[in-house]
Amino acid sequence: KRYVTVVSATCVLRAKASGTSAALAQVEPKVIGKVVECPAASDWCEIEVNGLKGWLQRKDLWGVYPNEVID
């Protein structure tokens with residue numbers, strides 16, 4: 001199991017790995033989420049927060065390296 005912390009200002013948890021994808025929730029700084037996956041060559045990671053799965057950009061997370069692959 002791998003966890004991350006949101007480090008940027010309030011950001012939007014998205015349905016897909018895209019800035020134009022549907023918004024699922026707003027995530028506050030210091031929220032902890034479980035990593036589902038971080039695909040190769042992607043700026044996005046799928047995380048789970050309180051049972052809700054969605055995508056956040058890596059730059060908004062502490063706990064994953066820029067090019068790290070987690071699946």
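D60 is buried in this predicted model, with a relative accessible area of 8%. Its side chain meets that of K59 in a salt bridge, with N and O 3.3 Å apart, although K59 itself is exposed, its relative accessible area being 62%. Side chains of opposite charge can pair when their charged atoms come close.

A search of the whole structure finds 2 salt bridges. Besides the pairing of K59 and D60, there is one between R2 and E68, where the closest N and O atoms lie 2.9 Å apart. This pair links distant parts of the chain, since R2 sits in the segment before β1 and E68 in the segment after β7 (61-62), 66 residues apart. R2 is partly exposed, at a relative accessible area of 29%, while E68, at 19%, counts as buried because the limit for that class is under 20%.

| Residue | Relative accessible area | Class |
|---|---|---|
| R2 | 29% | partly exposed |
| E68 | 19% | buried |
| K59 | 62% | exposed |
| D60 | 8% | buried |

Leaving aside residues up to four places away in sequence, L56 touches V6, C11, V12, L13, D43, W44, C45, I47 and L61.

Conventions:
Residues are numbered from 1 along each chain as its sequence is written. This is a predicted model: local features need pLDDT of at least 70, side-chain atom pairs count only at pLDDT 80 or more; totals for chains, interfaces and linings use all residues. Side-chain values use heavy atoms; hydrogens and water are left out. Contact means heavy atoms within 4.5 Å. A salt bridge is a side-chain nitrogen of Lys or Arg within 4 Å of a carboxyl oxygen of Asp or Glu. Helices (H or I, at least four residues) and strands (E, at least two) are DSSP runs, numbered from the N terminus. Buried means under 20% relative accessible area, exposed over 50%, partly exposed in between (1.4 Å probe, protein chains only).
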